[in-house]
Structure formats: structure tokens, C-alpha cells
Amino acid sequence: MPTQYGTKIFGWGALTSLSLLASCQSPTMIAQKEDHLAAAGFAFKLADTPARQQMLSRLPAHHFVRRVTGGQAFYVYSDPTVCDCLYVGDQTAYAQYQQYRQAKALADEQQETAMDYQDAQWNWGTWGPGMGGGWYGWNPAWGSWDPGMGSIGW
């Protein structure tokens, strides 16, 4: 069905399903997150009564909600799928958890960064024409093309 913005590809149901699928986390990922919540100082509260079960079902699953009571902020993380519980923490616990997340993101990024490769036997010429000293498309503004990885063979 055409719209003013072009052809409609997905219906709302399909779009909603895709967005929910993208936000899904595996039970292992959730359990790891909850281990870090506990380590940061969040208290663990089981939904072990019908009233708690009903209230747990009203919260967004696997997301934080903030509640201010008596001038103090509390953060609640609900898990109706893995532990059937809540994690409740104050501003200090939440800040500690966020600090962990930032440190983990930095560590993950550093792990993905290209490693420093040292191999005197490496030969760029083995990879075919254009990979040697006169590499086509090389921008002189990037500096010397000699990466110091051994004989180029050209």
C-alpha cells in the first residue's frame, strides 16, 4: 500500500516484532547482567507471592525504572523470565553498575582493535598486483605505504 513516504514494506505488527526481536537477550546474557547488578550493590527480591507476581508483570522486563521516594532515587530492574525477581539499588549501586558497563564496553572495544603485527617473513607481494610498493589507490596523505612488514617483492 503506497504511502506519502514511499511503498509500505512492513506492517506495524512486523515492525513491532522486529524491534522486539532486536532487544531480546539470551538467558545467559541476562544472568550475567544480574550477577553484575548484585556485585554493584543491588538487592535481590523474589516475586514469591501472587501480589509480587502481579506487580512484577507491570514493569518493563529487563529494563531499569527509576523511582524517587523520600527524596532518594532507587533503580529497579525486573526479570520475569530468568529469576522471577527484582533487583533494587540506590544511586550508588546504579552508578557502580554503569561504571562496570563503561569499563566492559572499553575492554570489548580494545579487544576488537587491530593488533600490532610483527612478522619479518610477511610479504605483501604474495597477495597479488596492487598490494606492493606501488599500491593503486594509496593516498599519499596517509603516509608511507611501507608498513615495515618485510620485503614487498615488487
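Me: How do the residues of the lining of the largest pocket divide into nonpolar, polar and charged?

Reply: Quick note: this is a predicted model, where local features need pLDDT of at least 70, side-chain atom pairs count only at pLDDT 80 or more, and totals for chains, interfaces and linings use all residues. Residues are numbered from 1 along each chain as its sequence is written, and side-chain values use heavy atoms, leaving out hydrogens and water. Ala, Val, Leu, Ile, Met, Phe, Trp, Tyr, Cys and Pro count as nonpolar, Asp, Glu, Lys and Arg as charged, and the others, Gly among them, as polar. The lining, which includes Met29, Gln32 and Lys104, splits into four nonpolar, three polar and four charged.

Me: Which rings does tyrosine 94 stack with, and what is the angle between the planes?

Reply: Rings of Phe, Tyr and Trp (its six-membered ring) pair if their centres lie within 6.5 Å; planes under 30 degrees apart count as stacked, over 60 as edge-to-face and the rest as tilted. Tyrosine 94's partner is tyrosine 75, 3.9 Å away centre to centre, and the angle is 5°.

Me: Is tyrosine 97 buried or exposed?

Reply: The cut-offs are under 20% relative accessible area for buried and over 50% for exposed, with partly exposed in between (1.4 Å probe, protein chains only). Its tilted partner, phenylalanine 64, has 23% relative accessibility, so phenylalanine 64 is partly exposed. Tyrosine 97 has 4%, so tyrosine 97 is buried.

Methods:
On a 1 Å grid over the protein atoms alone, a cavity is a set of points where a 1.4 Å probe fits but cannot get out, and a pocket is an open set with protein on both sides within 12 Å along at least five of seven lines; lining residues have an atom within 4 Å of a point.
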